[in-house]
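Here is a short report for a reader meeting this structure for the first time. Start with the view below, then read on.

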Amino acid sequence: MIQQVTTPIIQQLLDELQFPYTIKEPGVFFIKYPPSESYPNTFLLYVVVEDDDHMVQVSAQSDAYQLLNGSALKKAATHCNDHNRSNRRLTAYIDDNNSITVEEAYYINHPVSKEYLKQNCLFESIAGMYQFFKLYDS
């Protein structure tokens, strides 16, 4: 069991999941997936670990939904609102740059297994964010 979430533990779990990350700064992992057959846009992820606050935050954007305006911004706001009404885990919103951001944060203040962190806090969050953007395109 893990007593506290730390940057080295999250890095180890990202390695186990084989996510191709770069370290932007201590505690900040950046993952960039290029366009593929399953998703035609670049998918951008940040995993942020706040060691002192027992917090792990995962957030995602797609390069196709940045700097939105006009009808595209209205469509994005409607999609985020619809998503937030029907989902309890991931939060979708329009950030200060008029870009769609999807995020989830975990406050871990009690012992948990590495498997819990890997499966629920990382894998499931990232898969859900990816699905959010895929549904937006459909």
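## Two loop residues

H54 is partly exposed, at 23% relative accessibility. H54 sits in the loop between β3 and β4. The model is predicted, and in it the phi of H54 is positive, near 60°, though H54 is not a glycine.

N98 also has a positive phi, about 60°, and is not a glycine either. N98 belongs to the loop between β5 and β6. Its relative accessible area is 29%, so N98 counts as partly exposed. Why point these values out? Because most residues other than glycine have a negative phi.

## The sheet

Six strands make up an open sheet. Their order is β1-β2-β3-β4-β6-β5, and the pairing is antiparallel. The edges are β1, residues 21-25, and β5, residues 91-94. Each of these edge strands pairs on one side only. On average, neighbouring strands of the sheet are turned by 25° against each other, direction ignored.

How many bridges join β3 to β4? There are eight. Strand β3 covers residues 43-50, strand β4 covers residues 55-62, and the two run antiparallel. Within this pair, E50 stands opposite M55 in β4.

## Helices on the sheet

Helix α1, residues 7-16, packs on the sheet. It touches β1, β2, β3 and β4. The direction of α1 makes about 20° with that of β2, which spans residues 28-33.

Helix α2, residues 70-86, packs on the sheet as well. Its contacts are with β5 and β6, the latter being residues 100-107. Here the angle is about 160°, taken between the directions of α2 and β5.

## The nonpolar core

The largest nonpolar core holds 37 residues. Which of them touch the most other members? They are I10, L14, V47, I100, L117 and F133.

Helix α3, residues 114-137, gives the most, with eight residues.

## F133 and S62

F133 is one of the core residues that touch the most other members. Setting aside residues up to four places away in sequence, F133 touches Y39, F43, A60, Q61, S62, Y65, I100 and V102.

S62 lies in strand β4. Is S62 buried or exposed? It is buried, because its relative accessible area is 0% and buried means under 20%. Beyond its neighbours within four places in sequence, S62 is in contact with Y39, N41, T42 and F133.

## F30 in strand β2

F30 lies in strand β2. With a relative accessible area of 13%, F30 is buried. Not counting residues up to four places away in sequence, F30 touches P20, Y21, T22, K24, L44, L45 and Y46.

How far apart are the C-alpha atoms of F30 and G70? They are separated by 29 Å. Along the chain, F30 and G70 are 40 residues apart.

How values were computed: Residues are numbered from 1 along each chain as its sequence is written. This is a predicted model: local features need pLDDT of at least 70, side-chain atom pairs count only at pLDDT 80 or more; totals for chains, interfaces and linings use all residues. Side-chain values use heavy atoms; hydrogens and water are left out. Two strands pair if DSSP finds at least two bridges between them. Helices (H or I, at least four residues) and strands (E, at least two) are DSSP runs, numbered from the N terminus. Axes are lines fitted to C-alpha atoms, for helices over the stretch in contact, and angles run from 0 to 180 degrees between N-to-C directions. Contact means heavy atoms within 4.5 Å. A nonpolar core is a set of buried Ala, Val, Leu, Ile, Met, Phe, Trp, Tyr and Cys residues joined through side-chain atoms within 4.5 Å. Buried means under 20% relative accessible area, exposed over 50%, partly exposed in between (1.4 Å probe, protein chains only).
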